[in-house]
Amino acid sequence: MTSQPLVIADRQFSSRLFTGTGKFSSTALMEEALLASGSELVTVALKRVDVADAEDDLLRHLGHEQFQLLPNTSGVRTAREAVFAAQLAREALETNWLKLEIHPDPKYLLPDPVETLKAAEELVKQGFVVLPYIHADPVLCKRLEEAGVAAVMPLGAPIGSNKGLLTREFLEIIIGQSRIPVVVDAGIGAPSHAAAAMELGADAVLVNTAIAVAGQPVAMAQAFRLAVEAGRIAYEARLAEPVAHASASSPLTAFLD
Amino acid sequence: MSFRSVFDTYSWDATKSSIYAKTAADVEHALRTPKRTLEDFKALISPAAAPYLEQMAQLSHQLTRKRFGNTMQLYVPLYLSNECQNICTYCGFSLDNAIRRRTLSSVEILREAAVLKEWGYEHVLLVTGEANQTVGVDYLQKALRTLRPHFAHLSMEVQPLHKSDYEILMQEGLNTVLVYQETYHQEDYKKHHPKGKKSNFYYRLETPDRLGQAGIHKMGLGVLFGLEDWRTDSFYTALHLDYLERAYWQTKYSLSFPRLRPAEGLVQPKVEMSDRELVQLICAYRLLNEEVELSISTRETPTFRDHIIRLGITSISAGSKTNPGGYIVEPESLEQFEISDERSPAEIAAMLRRQGYEPVWKDWDHALM
């Protein structure tokens, strides 16, 4: 039983689990966990890599054919800074894919909607495949879609919080009205959260902390892989609606019989 | 509006009494509650919290790991000058200390930098005394310009400056500024800093405000332990941090915990802070604030550092020299204080890996600003 592949821009993904590269206890362990996750899209912070160094430790461990790199702009505070960082990332990492992250607030790392929209408009014009990290704001998602981004990445909960789908109501609206892929990013702390996001109809999820900080990151990466697959298959198979009580008769319409 | 308007509403003595009055019940409440207040913090740094240290350490470890993962940032100080016009009773660079003064030239700075690069560093902390004639904004600007092509992250621990000066230096790639109040005890501050610009308590107190207004990316706060009651000083530090986080919400914050070390011409610490108490404080800060960066320097012993990294610390220095030219140019020049952990950066990195931490050398890029 295989679920439908996901297409973002011109690329097809058989895995709907996207991953991050932060917080692992070693780059070797990160590599092993990411391989176990089956992930094909891996985000990496521009600030963590030395783009001038061909032997950069982080990049060396990500040099597998199945990993499409998704550079992110973590650290920038404005649209202007984001556009500059994006250009550098494109040149250095030889990809026009970009996870647009503008979180001027270093405490909760919550995205700035105004600067993100501004930067997205500019980056799309410059030919980037833009995946913006944003709050679960349905209107902002439509505005970004109109701006031409390749997917939207609304958060489930504050990044790194492991709190799950606190924004569920808004994610449902976003998924319901989006014409581009919706990737739930941030806050997913357990495989069950990932499965729940997929059951809602999210096209993919992005997980980092929950894998990197787990007791056994490789095993946890496998658990997330299975959960995302299960959630997607369940969504495609159409879940039975929960029913609160049995309905035996039809008192209001029986007279029609 | 500055921190002064908050600070002036607190009395040192009343604050101190309220910390020492905290009970075991207050501590237990502080441990249970998910969102901790400054009152909870008082309980956690009070003598009443001593029996709860293991529990605090476990919570601190968990919270730090969730936020910062299994990583540890590495940085190293680069002393540029030991010239100083201030008299500080605890510092080797004090004006009244009859030692030969040294300020590095650009060529010398590059020679020192080459050693640090060789060790793998991408984050350097530039340190000077306060000598505005020779080591003023022009000198600092030139130093940053010299170093910017070689390091991803430039921090500075120098005399307090004006907002416009910080803006000039940020243009040169300055990312982080550390400015320690030394003590929040206003009357005794004067005794520890009898002469020089540093004797102006309020100018120093309002420095973080000027940094925040300049839009600095990161600033570091702290006090020097050994001058006054550490619990009261730490409460004020937490109060300052709380104010700054609300006022300058785009800035990142870090805290340091320097304990007074032996130095040339130094007075004896008035107050001793034990290892156990320092652990208590570090854990208390983490329990109060899950996001703040906590830094530990080579002032501490190898044994202490090997253990403390698991209890809330997020950044660590290694291989440090506290004298200008100390790495290669003039190893015998006067140091600010003696270091306790003389292990090399490679040895510290190996120690971190053995404990399951990835040493992070680079976590910033000039392309981001």
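**Entry 1: a helix pair in chain A.** I worked on a predicted model. I began with helix α3 (residues 79-93) of chain A and helix α4 (residues 113-125) of chain A, whose axes come within 8 Å and cross at roughly 40°. Angles under 35 degrees count as roughly parallel and 65 to 115 as roughly perpendicular, so I recorded α3(A) and α4(A) as oblique to each other. I noted the crossing of α3(A) with α4(A) as right-handed.

I then listed the residues that meet. From α3(A) they are A:A79, A:A82, A:V83 and A:A86, and from α4(A) they are A:E115, A:K118, A:A119, A:E122 and A:L123. Sorted by class, this contact holds six nonpolar and three charged residues, with no polar residue.

**Entry 2: chain A as a whole.** I counted nine helices and 10 strands in the secondary structure of chain A. Along the principal axes, the C-alpha atoms of chain A fill a box of roughly 80 × 40 × 35 Å. Of the 257 residues in chain A, 49% are buried. I next took the contacts in chain A between residues at least 6 apart in sequence, and found that 63% of them join residues at least 24 apart.

**Entry 3: a helix in chain B.** Is helix α11 (residues 207-214) of chain B largely enclosed or open? I found six of its eight residues buried, so α11(B) is largely enclosed by the rest of the structure. The buried residues of α11(B) are B:T207, B:P208, B:R210, B:L211, B:G212 and B:A214. I traced what these buried residues pack against in chain B: the helices α1 (3-7), α8 (163-171), α10 (201-205) and α12 (230-247), and the strands β4 (174-178) and β5 (218-221). After α11(B) comes B:G215, for which I noted a positive phi, near 85°.

**Entry 4: where the chains touch.** How many residues of chain B are in contact with chain A? I recorded 22 residues of chain B in contact with 26 residues of chain A. On the chain B side, helix α5 (residues 53-68) gives the largest share, three residues. I divided the residues of that side into six nonpolar, five polar and 11 charged.

Terms used
Residues are numbered from 1 along each chain as its sequence is written. Chains are lettered from A and ligands numbered from 1 in the order in which they are written. This is a predicted model: local features need pLDDT of at least 70, side-chain atom pairs count only at pLDDT 80 or more; totals for chains, interfaces and linings use all residues. Axes are lines fitted to C-alpha atoms, for helices over the stretch in contact, and angles run from 0 to 180 degrees between N-to-C directions. Helices (H or I, at least four residues) and strands (E, at least two) are DSSP runs, numbered from the N terminus. Angles under 35 degrees count as roughly parallel, over 145 as roughly antiparallel, 65 to 115 as roughly perpendicular and the rest as oblique. A crossing is left-handed if the near helix is turned anticlockwise from the far one by less than a right angle, and right-handed if clockwise. Two residues are in contact if their C-beta atoms, placed from the backbone, lie within 7 Å. Ala, Val, Leu, Ile, Met, Phe, Trp, Tyr, Cys and Pro count as nonpolar, Asp, Glu, Lys and Arg as charged, and the others, Gly among them, as polar. A residue is buried if 20 or more other C-beta atoms lie within 10 Å of its own, exposed if 12 or fewer, and partly exposed in between; C-beta atoms are placed from the backbone.
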